[in-house]
Number of protein chains: 4
Amino acid sequence: MEFVRPLPTFLVQRFQGWKATAYAENSAWYRRLATEGQRPRAMIIACCDSRVHVTSIFGADQGEFFIHRNIANLVPPYEPDGNQHGTSAAVEYAVTALKVAHIVVVGHSRCGGVQGCLDMCEGRAPELEDQTSFVGRWMDILRPGYEAIKDAENKPEAFEKEAIRTSLRNLMTFPFVEKAVAARQLSLHGVWNEIAEGGLEHLDPATDEFAAI
Amino acid sequence: MEFVRPLPTFLVQRFQGWKATAYAENSAWYRRLATEGQRPRAMIIACCDSRVHVTSIFGADQGEFFIHRNIANLVPPYEPDGNQHGTSAAVEYAVTALKVAHIVVVGHSRCGGVQGCLDMCEGRAPELEDQTSFVGRWMDILRPGYEAIKDAENKPEAFEKEAIRTSLRNLMTFPFVEKAVAARQLSLHGVWNEIAEGGLEHLDPATDEFAAI
Amino acid sequence: MEFVRPLPTFLVQRFQGWKATAYAENSAWYRRLATEGQRPRAMIIACCDSRVHVTSIFGADQGEFFIHRNIANLVPPYEPDGNQHGTSAAVEYAVTALKVAHIVVVGHSRCGGVQGCLDMCEGRAPELEDQTSFVGRWMDILRPGYEAIKDAENKPEAFEKEAIRTSLRNLMTFPFVEKAVAARQLSLHGVWNEIAEGGLEHLDPATDEFAAI
Amino acid sequence: MEFVRPLPTFLVQRFQGWKATAYAENSAWYRRLATEGQRPRAMIIACCDSRVHVTSIFGADQGEFFIHRNIANLVPPYEPDGNQHGTSAAVEYAVTALKVAHIVVVGHSRCGGVQGCLDMCEGRAPELEDQTSFVGRWMDILRPGYEAIKDAENKPEAFEKEAIRTSLRNLMTFPFVEKAVAARQLSLHGVWNEIAEGGLEHLDPATDEFAAI
């Protein structure tokens with residue numbers, strides 16, 4: 001594999017700093033997590049965006065959260081067709097193997113993926129319509145949501161929130177999710193992070209709207 | 001969406017702690033990242049496992065790394081068939097839109113996904129063979145790698161490292177990755193984290209083996 | 001320019017080592033920083049002293065910090081008189097052009113410049129009082145701080161910390177600094193590095209004293 | 001000093017990583033440097049730019065280099081008028097107190113300060129002409145150099161190199177520099193770093209031109 005390069009020094013240094021501090025302080029706990037396996041309390045589904053590290057926002061310590069991150073924190077609908085569905089695999093593992101008590105879908109402001117979908121829906125992104133555009137095809141999951149937000153005052157923000165609702169609705173199409181929710185073994189949550197001001201709104205089931213917490 | 005629940009209090013507390021500390025300390029920078037957009041230096045592809053937070057290990061601060069996390073840090077081969085490929089979408093966005101300089105694939109010890117694949121390959125996991133098993137179908141990506149490790153002394157560890165090699169090889173099947181690597185605009189790296197002792201090994205291109213760093 | 005000499009071999013070797021390692025590992029990122037310009041998160045004002053490299057202490061990688069180093073990490077008061085003020089120019093560029101989110105003033109133990117000022121204040125350094133002494137005139141910036149520390153048990157250390165306070169107070173006399181601080185676009189910090197034991201204390205706004213971190 | 005903030009956590013983490021690694025490995029040497037004082041071999045005069053850390057390029061370890069960094073690595077002419085001259089103070093301290101054997105002026109490509117001066121010289125930067133512009137007044141040091149480069153093919157690069165020559169010529173106007181050079185106790189050097197490709201050229205006294213090393 002001659003195309004691979006050694007780990008860059010700046011990452012080696014970061015690792016060594018972690019090893020000598022956070023790891024050193026917690027080595028007993030880390031060893032125990034290794035021996036006994038993980039037992040995370042919640043699954044978090046968040047965006048890959050470098051500005052939204054849920055490990056920071058929710059102070060995720062080792063062993064607490066099972067975290068899936070993809071473009072625009074989307075969950076596709078249940079489709080057991082034998083093809084590869086990375087997000088569905090993560091949800092299945094979290095719910096059936098790890099039996100997490102919560103799934104939290106975390107969206108955020110200024111989401112590049114959601115903006116791309118908005119551009120597609122409004123005819124401004126022919127390159128994303130291309131069959132070979134992975135980002136375009138991935139964002140198709142959100143496409144049906146455009147109807148609900150097309151008259152919104154702030155369309156990007158409304159669409160980001162619709163992406164969270166879409167993921168939550170799609171989660172409920174998974175039989176094992178629906179069953180665990182019905183049995184009160186699992187609860188689902190949606191939050192939206194405003195990245196400039198560090199705001200957090202959650203989807204309030206009473207009003208079906210997002211509200212600051 | 002009556003099946004959704006408000007954000008649990010323990011997460012509200014965590015958020016408020018973050019807001020009052022890390023956010024408050026860095027609000028000017030966060031605002032600027034919001035206004036000017038992200039410019040991450042590297043993409044990291046890691047596992048969802050709650051014991052392997054690359055944000056800790058590499059001290060990832062806001063804006064530095066674009067992070068995709070899925071089961072067993074796998075990248076499927078390039079397959080532009082118009083279906084939804086969340087991992088491929090994340091790679092495409094990182095390389096073509098964000099133009100990251102590095103992609104680091106981070107594997108780890110005691111990986112449940114890799115263990116499941118090993119169980120499938122050795123006939124111990126009929127439930128994962130099922131057409132409807134998302135985890136099983138997802139882990140099929142790694143299946144061809146079994147040949148290379150079936151006689152290893154420590155099969156789980158060898159398979160975890162083979163998963164990293166598989167992802168790196170598959171990354172190179174993406175035309176835009178191959179092109180960026182050839183143009184020296186992108187470099188690929190593989191590391192394996194031993195979670196009990198906090199160890200880190202990287203794939204050394206000189207020997208094609210993993211070596212402690 | 002017959003008085004100039006070629007670069008000494010020991011520096012050529014150092015450079016070639018860097019080129020073959022750190023540069024080679026990060027060439028894509030360095031090219032991108034060249035093309036798109038720098039976007040440093042913080043300005044650091046530190047001493048020229050060879051024992052206090054803030055690039056080491058804060059692991060500063062390319063592109064992260066805008067660094068001004070002068071004798072005793074001093075910032076003079078705002079004085080827009082049309083004369084040359086190198087430190088004021090650096091602060092102006094960092095705040096108004098680069099819009100850094102933080103300015104960190106880093107002082108240190110055993111500072112030769114501060115010791116010189118102490119000697120002047122106590123009549124032991126007539127040569128520094130001379131009109132033509134650049135070090136003496138530069139250290140005049142700190143001179144008014146002597147009153148606050150003249151009865152301290154450890155006068156050099158107290159004066160080094162007073163130098164940090166003086167710089168921070170002087171920074172606030174620059175209208176663009178004061179405005180950015182008021183708008184919460186910029187925050188100011190003071191730290192003191194004990195070089196023998198590798199200690200770091202920061203100025204705690206709650207107590208107005210330096211405290212170990 | 002209620003306007004000061006505690007050190008941000010990301011810098012605390014960086015420091016703790018350094019303390020536990022680089023400091024821990026070298027504590028005996030650091031203690032000795034603290035007790036016996038610094039004895040740097042060279043002074044380096046470099047730019048504040050976040051993309052040009054001479055500590056990286058020349059692998060500067062603790063105690064080796066006395067480093068002054070200002071906008072555009074400029075040295076003003078000798079002017080013992082009793083005013084504050086931070087750069088002159090740094091030069092004076094390096095040559096007369098530390099008795100360094102070398103002064104290396106390090107310029108670089110894409111220098112924002114030099115570009116600003118070019119804009120002034122060509123009438124495109126009235127804001128820098130303002131009496132109150134610290135950057136403008138500081139860059140006045142380079143202004144006389146415009147004549148020599150105004151017909152160059154690549155004016156920014158030619159001006160960056162002229163800035164290095166200007167600093168070297170100005171260094172020789174300091175009596176203590178001139179005397180140390182004449183006594184062969186000090187040698188002066190000029191280098192220019194091309195930041196995209198990691199290139200380094202030095203001023204060759206034989207030709208008075210910059211040449212790759």
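In chain D of this predicted model, the axes of helix α3 (residues 86-97) and helix α9 (residues 175-182) come within 10 Å of each other and cross at roughly 35 degrees, and the crossing of α3(D) past α9(D) is left-handed. On the side of α3(D), the residues that take part are Val91(D), Glu92(D), Val95(D) and Thr96(D), and they meet Phe176(D), Val177(D) and Ala180(D) of α9(D).

Turning to charged pairs, the structure holds 70 salt bridges over all chains. One of them joins the side chains of Glu157(B) and Lys161(B), with a distance of 2.9 Å from N to O. These two residues lie 4 residues apart in helix α8 (residues 155-171) of chain B, so about one helical turn separates them. Glu157(B) is partly exposed, at a relative accessible area of 25%, whereas Lys161(B), at 11% relative accessibility, counts as buried because buried means under 20%.

In chain D, Glu122(D) forms a salt bridge with Lys155(D), and their closest N and O atoms are 2.7 Å apart. This pair links distant parts of the chain, since Glu122(D) sits in the loop between α4 (112-121) and α5 (126-129) while Lys155(D) belongs to helix α8 (residues 155-171), 33 residues apart. Glu122(D) is partly exposed at 25% relative accessibility, and Lys155(D) is partly exposed at 23%.

A further salt bridge in chain D connects Lys150(D) with Glu147(D), the closest N and O atoms being 3.0 Å apart. Elsewhere, salt bridges that share partners join Arg14(A), Glu64(B), Glu64(C) and Arg14(D) into one network.

Technical notes. Residues numbered from 1 in each chain as written. Chains lettered and ligands numbered in written order. Predicted model: local features only at pLDDT ≥ 70, side-chain atom pairs only at ≥ 80, totals over all residues. Heavy atoms only, no water. Axes fitted to C-alpha atoms, helices over the stretch in contact; angles between N-to-C directions. Left-handed = near helix turned anticlockwise from the far one by under 90°. Contact = heavy atoms within 4.5 Å. Salt bridge = Lys/Arg side-chain N within 4 Å of Asp/Glu carboxyl O. Buried < 20%, exposed > 50% of the residue type's maximum accessible area, 1.4 Å probe, protein only.
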